[in-house]
Amino acid sequence: MTYQDTVNWMFCQLPMYQQQGKAAYKVDLNNTLILAKHLKNPETQFKTIHVAGTNGKGSTSHMLASILQEAGYTVGLYTSPHLKDFRERIKINGKEVSKQFVIGFIKRNKTFFEKHSLSFFEMTVGMAFDYFAKQKVDIAIIEVGLGGRLDSTNIITPEVSVITNIGLDHTQFLGNTLPAIAEEKGGIIKKNIPVVIGETQGETKSVFNRIAAEASSKIDYADQLITTSYTSDLKGSYQEKNIKTVLQTISVLQKQNWKISQSNIEKGLQQVVKNTGLKGRWQILNENPKVICDTAHNKEGLAYVMKQLQEESFQALHIVFGVVNDKDLDSIIALLPKKATYYFCKPNIPRGKNAEELFTYFSKKNYVGNVYDSVNEAYKQALIQAKKNDVIYVGGSTFVVAEII
């Protein structure tokens, strides 16, 4: 199979959350443990940092990778979803896994995958761990896919567990209260392994304190401990919280004798995009008109982004907007500005929400906009209609951003 054949097979043959939603969610780690054993437990052959949370886990993972790269370490980075190419999920020092490795890994293990009906996510986690072990990375930053306790990544014993924050997202799997979701994400806390919580939240603190106490794990709340302020090349205002989470995590690593200097931290935070290739976080795609895209897609993420958007100076605001079909629009509608022209579109995945339905919902709430056949068509029209002092925002879903980057 060619690389494209291989990736198509992974996408089409097996359940995958990105395509199917709830059907792809597994209720235990049995498959992942069977796969790890088949691969000779690669996850035991390198050090890791495990990163969970509702928002910010991707940015946090990339910042940690960048700092550790600046400190001279060979750093694996496993994240999801990808924006353009599957290989973005698995990187070492910012360089994507080779097409040949992806092809070879699937070819070698395809019979096993089919026999055990492994999901897309389980296979991908196995591939990442196998790759990092074979390439002998010093440490790998492993971002949780969904939740924590039952996530395929949760077979590692990390140097430190990180949970950025808790919000109401993926409630159909994780529960519909913050304490219930915290319980799931807190499932990455391991015995005697320190844990860093990014944001202190009244409803979740007691849950994390209890899980950490039961595991005899030292728990730190980054927002209560970090008082210094640092800047980053990631410009979203929400990054201030992520930076605190990162700084506290680095502090824990330093106590474990990882050699990371002040200058590594400063430079690492300033070179995240260059070092890791991160895209889609308050990314400026054009000036005159200014085009901003961001992958924020839930209430907590959009609250920050919309606030920052309103602080921009513009004559008129144009919003290219699409979501997935299980998105709870009632939870986000109040955050979205009425004083804007909307370009409603459907991201090009099976889970994309019909643009007509989106238009109907928004129209009933007195929002103004039109329906477009595709994300690209919506974006093209926004560029045509916007004047040079206007701002165009593209978002609502990671998959919308992926189509225009």
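The following legends describe close-up views of a predicted model.

**View 1. The open sheet of six strands, E9-E10-E14-E11-E12-E13.** The 6 strands form an open sheet in the order E9-E10-E14-E11-E12-E13, with mixed pairing. From one strand to the next, the twist averages 25 degrees. Helix H17 (residues 375-385) lies across E9, strand E10 (290-293), E11, E12 and strand E14 (391-395), and runs at about 175 degrees to E11.

**View 2. The pairing of strands E11 and E12.** Strand E11 (residues 317-321) pairs with strand E12 (residues 341-344) in the parallel sense, over 4 bridges. Phe321 has Phe344 of E12 as its bridge partner. Phe344 also forms an aromatic pair with Tyr342; this pair is stacked, at 5.6 Å centre to centre and with 10 degrees between the planes. Tyr342 and Phe344 are both buried.

**View 3. Strand E6 and its parallel partners.** Strand E6 (residues 160-163) pairs in the parallel sense with strand E1 (residues 47-52) over 4 bridges. Within this pairing, His50 stands opposite Ser161 of E6. Strand E7 (residues 195-197) runs parallel to E6 and is joined to E6 by 3 bridges, and Ile197 in E7 is the bridge partner of Ile163. In a regular strand, side chains alternate between the two faces of the sheet. In E6, Val160 and Val162 point one way, whereas Ser161 and Ile163 point the other way; all are buried.

**View 4. The packing of helices H3 and H6.** Helix H3 (residues 30-38) packs against helix H6 (residues 120-134) at an angle of about 35 degrees, and their axes are 10 Å apart. The crossing of H3 and H6 is right-handed. Asn31, Thr32 and Leu35 of H3 make the contact with Glu122, Met123 and Gly126 of H6. By class, this contact of H3 with H6 comprises 2 nonpolar, 3 polar and 1 charged residues.

View 5. The whole structure contains 20 aromatic pairs. For Tyr361 and Phe362, the ring centres are 5.9 Å apart and the planes stand at 70 degrees, so the pair is edge-to-face. Tyr361 is buried, with a relative accessible area of 18%, and Phe362 is buried, with a relative accessible area of 1%. Elsewhere, ring pairs link Phe46, Phe101, Phe105, Phe113, Phe129, Tyr131 and Phe132 into a cluster.

Terms used
Residues are numbered from 1 along each chain as its sequence is written. This is a predicted model: local features need pLDDT of at least 70, side-chain atom pairs count only at pLDDT 80 or more; totals for chains, interfaces and linings use all residues. Side-chain values use heavy atoms; hydrogens and water are left out. Two strands pair if DSSP finds at least two bridges between them. Helices (H or I, at least four residues) and strands (E, at least two) are DSSP runs, numbered from the N terminus. Axes are lines fitted to C-alpha atoms, for helices over the stretch in contact, and angles run from 0 to 180 degrees between N-to-C directions. Contact means heavy atoms within 4.5 Å. Buried means under 20% relative accessible area, exposed over 50%, partly exposed in between (1.4 Å probe, protein chains only). A crossing is left-handed if the near helix is turned anticlockwise from the far one by less than a right angle, and right-handed if clockwise. Ala, Val, Leu, Ile, Met, Phe, Trp, Tyr, Cys and Pro count as nonpolar, Asp, Glu, Lys and Arg as charged, and the others, Gly among them, as polar. Rings of Phe, Tyr and Trp (its six-membered ring) pair if their centres lie within 6.5 Å; planes under 30 degrees apart count as stacked, over 60 as edge-to-face and the rest as tilted.
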